[in-house]
Amino acid sequence: MASISFKNVTKTYDNGVTVIPELNLEIKDKEFVVLVGPSGCGKSTTLRMIAGLESVSTGELCIGDKCVNDVPPKERDIAMVFQSYALYPHMTVYKNMAFALELRKTPKDVIDQKVREAARILELEPYLKRKPKALSGGQRQRVALGRAMVRDPEVFLLDEPLSNLDAKLRTEMRSQIAALHKRLQTTFVYVTHDQTEAMTMGDRICVMKAGVIQQYDTPQNLYNYPCNMFVAGFIGSPQMNFITVKVEKEDNGIVLVYGQNRIPVTKDRAKEELLAYVGKEVVMGIRPEDLHVEALNELSANKAVINAHVDLAEMMGAEIYLYVTSEGQKLIARVPSKADVRADEDVRLVIDTEKLHIFDKETEKTICN
């Protein structure tokens, strides 16, 4: 069993700065969990506590059924892959991958079998005699993964392993790491600030801010049902549009008003939740992909039309990002390239009202999704 459990864990440094105020987190055996959040949110510190590179100030950290607060790193049966690869420059790829096993006095034939098997899986067989300086960034990262693999650890820890790679290599390595997890059936804990990596790789994602878990859920639930404005804005690219609106009651139900725009709330549950906010301001969230150019929109029911002026149109190939202003509010719409919309044009945008997210203006917590 390689489950990981944080129970009321805090981390305070000697200078009195607390980076993890209280952490309760359960990672299941064989699960791929991604810790994601902005720089300084505590995700790398959390990973380093699992590795034993940072001590736990208070609380209990368990791997499997064993409390490991005072267990040294070498006895935790974990392997860590760093952002900087951390390869020995004077050793060949083969030696880099074999080194940890040699320290354990593992028989040479076993070492050779494990290294060559890992090299085969990671497509490193042609490079076993090379040194790291003769490899590309992607190849070096695969060597770092192979070095971790040969140890057969119960837990893989990956600390922003793809951040030094270019966009194309990052995409390739994402799929390779996800495939590796399925093949090895081992617990993976992966740290990144890139929400695209988190969404595409994780079984579950832990969104952190200032050392506090904001939401811990599946990628789909984080995207569709964010618990607050921070999660809603962090997950999704481009990020969700936020508009301050006033809640009003009409004969037909609840409407959200900003400027001349009146947006009906169509979900029955949302109407009930918003009754307490009639006459007050709330924050309406709508994702860029849920804003459509009117002429191309095929929605008939559950829609609202707003007027907007296009400030910038970014051609992205299959789609266009429209940066628009509507009643003084800056919004982004993500529309198909066939929309053929240009900067300085006025457009009518259709909001898919089934996809509205509404937040309390003061607490920033979700009222309804």
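Visitor: What share of the contacts in the chain, at a separation of 6 or more, comes from residues 24 or more positions apart?
Guide: That share is 66%, with contact meaning heavy atoms within 4.5 Å. Keep in mind that this is a predicted model: local features need pLDDT of at least 70 and side-chain atom pairs count only at pLDDT 80 or more, while totals for chains, interfaces and linings use all residues. Residues are numbered from 1 along each chain as its sequence is written, and side-chain values use heavy atoms, leaving out hydrogens and water.

Visitor: How much of the chain counts as buried?
Guide: Of its 369 residues, 48% do, buried being under 20% relative accessible area with a 1.4 Å probe, protein chains only. The C-alpha atoms fill a box of roughly 80 × 45 × 35 Å along the principal axes. There are nine helices and 21 strands in the chain, taken from DSSP runs (H or I, at least four residues, for helices; E, at least two, for strands).

Visitor: What makes α2 and α3 oblique?
Guide: The angle of α2 to helix α3 (residues 108-121) is about 135°, with axes 10 Å apart. Roughly antiparallel needs over 145 and roughly perpendicular 65 to 115, the rest being oblique, so α2 and α3 are oblique. On the α2 side, Y94, M97, A98, L101 and E102 meet residues of α3, including I111, V115 and R116. That contact divides into eight nonpolar, no polar and four charged residues; Asp, Glu, Lys and Arg make up the charged class.

Visitor: What makes β16 and β17 a pair?
Guide: Six bridges join β16 (residues 303-315) to β17 (residues 319-326), and the cut-off is at least two, so they count as paired. The two strands run antiparallel, and L312 stands opposite Y323 in β17.

Methods: Axes fitted to C-alpha atoms, helices over the stretch in contact; angles between N-to-C directions. Parallel < 35°, antiparallel > 145°, perpendicular 65-115°, else oblique. Buried < 20%, exposed > 50% of the residue type's maximum accessible area, 1.4 Å probe, protein only.
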